[in-house]
Amino acid sequence: MRQELLSLPKGLAEEVSRNLVMVARLIDEDPEQAYAYARIALRLASRVAAVREAAGFAAYATQKYSEALAEFRASKRMTGSVELWPVMADCERGLGRPERALAMAGEPEVQKLDKAGQVEMRLVAAGARRDMGELDAAIVTLQSPELASNSVQPWTARLRYAYADALLAAGREDEAREWFAKTLEADKDGATDASDRLAEIDGVEFVDAAAVEEEEADLADDLDDADDADDEDEDEAEVAAAERAADQAEYYDEDDEEYEPLDEADVDVTDEIVVVEDDERDKA
């Protein structure tokens, strides 16, 4: 890549390089952002094969398969390399054209691939068979010297996993369990979920400790809210009672010129308040 960027003016090469670095950093964790950086690099240097390849992978990561395929084809034309052949075939699958992916698996370009590329092509071809509903053919496609080998290579875990998954889909559960276990042996980096698939076959259910803690915390919050609501109801009842008492103590006849408000201490809110009519008071 560095050699290709040397064909650009220094300032431009540095700008393109910075964007490509961001594509590499973000493509797994934030593909959309990686795609945005790839588009910037593409605008700056569309005649650089490495830029076209990076743009292709960024588009592929965001499932823009038509765009990815166009970029990969452009890179292949510029370099003459067949290295991208398997991912190009997988783009055809993504576009709903598994038959084209299978056709590419039989092209002479496959023989020019290194061992890793050939295994990748086999995975794509098996996936295409499954897309077409040919499950048994997919299983046969994955059966190869690489699958049978006891040596662990960078592609071993993915190949074994695909085989186990196809066996399980075909209802061959015992064989699938065996190959998921073999996948787990080769998957030192945890790139697959083989352990979860094994547990699923064995009927083991895992308890998510974090989820349990969150559920308990929610329950505690609900109880606290209920207690707060009860306290609030009691407070409101006390306030209402006090207001009623105050209303009784303050009640008086507006026509009584001798009315004097009573001190709060002199009022017994349980006493009945008697209103004396004017004519009765005059008689008194």
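Predicted model: local features only at pLDDT ≥ 70, side-chain atom pairs only at ≥ 80, totals over all residues.
Residues are numbered from 1 along each chain as its sequence is written, and side-chain values use heavy atoms, with hydrogens and water left out.

Let's start with the overall picture. The protein has 15 helices and 0 strands; both are DSSP runs numbered from the N terminus, helices being H or I with at least four residues and strands E with at least two. Of its 284 residues, 31% count as buried. Here buried means under 20% relative accessible area, exposed means over 50%, and partly exposed is in between, with a 1.4 Å probe and protein chains only. The accessible surface comes to about 18400 Å², and 46% of that belongs to carbon and sulfur atoms; the areas come from the Shrake-Rupley method with a 1.4 Å probe, and for residues only the protein chains shown count as cover. As for contacts (heavy atoms within 4.5 Å), take those with a separation of 6 or more: residues 24 or more positions apart account for 48% of them.

Back to helix α7, residues 98-105, where Pro98, Ala101, Leu102 and Met104 are buried. Look down the axis of α7 and these buried residues fall within an arc of 160°, so they line one face of the helix. The arc is that of the directions from the helix axis to the C-beta atoms.

Now for the stretch around α5. Glutamine 63 is found in the loop between α4 (49-61) and α5, and its phi is near 65°, a positive value in a residue other than glycine. Most residues other than glycine have a negative phi. Glutamine 63 counts as exposed, at 59% relative accessibility. For a charge to sit over a ring, NZ of Lys or CZ of Arg must be within 6 Å of the ring centre and within 35 degrees of the ring normal. Further along, methionine 78 is found in helix α5, residues 65-79. Methionine 78 is partly exposed, with a relative accessible area of 39%, and beyond residues up to four places away in sequence it touches Ser46, Arg47, Val48, Ala49 and Arg52. Methionine 78 and valine 48 are 30 residues apart in sequence, yet 8.1 Å apart in space, C-alpha to C-alpha.

How many aromatic pairs does the structure hold? There are 4. Rings of Phe, Tyr and Trp (its six-membered ring) pair if their centres lie within 6.5 Å, and planes under 30 degrees apart count as stacked, over 60 as edge-to-face and the rest as tilted. One of them joins tyrosine 60 and tyrosine 65, edge-to-face at 5.8 Å centre to centre with 75° between the planes. Another edge-to-face pair is tyrosine 163 with tryptophan 179, at 5.1 Å and 90°. Tyrosine 163 lies in helix α11 (residues 156-169) and tryptophan 179 in helix α12 (residues 173-186), so the pair ties together parts that are 16 residues apart in sequence. Tyrosine 163 and tryptophan 179 are both buried. Tryptophan 179 also has lysine 182 over its face, at 4.1 Å from the ring centre.

Arginine 197 counts as buried at 15% relative accessibility. Its side chain makes a polar contact with the side chain of tyrosine 161 (2.8 Å); such a contact is a pair of N or O atoms within 3.5 Å, and within protein one must be able to donate a hydrogen and the other to accept it, with residues adjacent in sequence counting only if both atoms are side-chain atoms. Neighbours within four places in sequence aside, arginine 197 is in contact with Tyr161, Asp165, Leu168 and Phe180.

Alanine 138 lies in helix α9 (residues 135-142) and is buried, with a relative accessible area of 0%. Alanine 148, in helix α10 (residues 145-148), counts as exposed at 59% relative accessibility.
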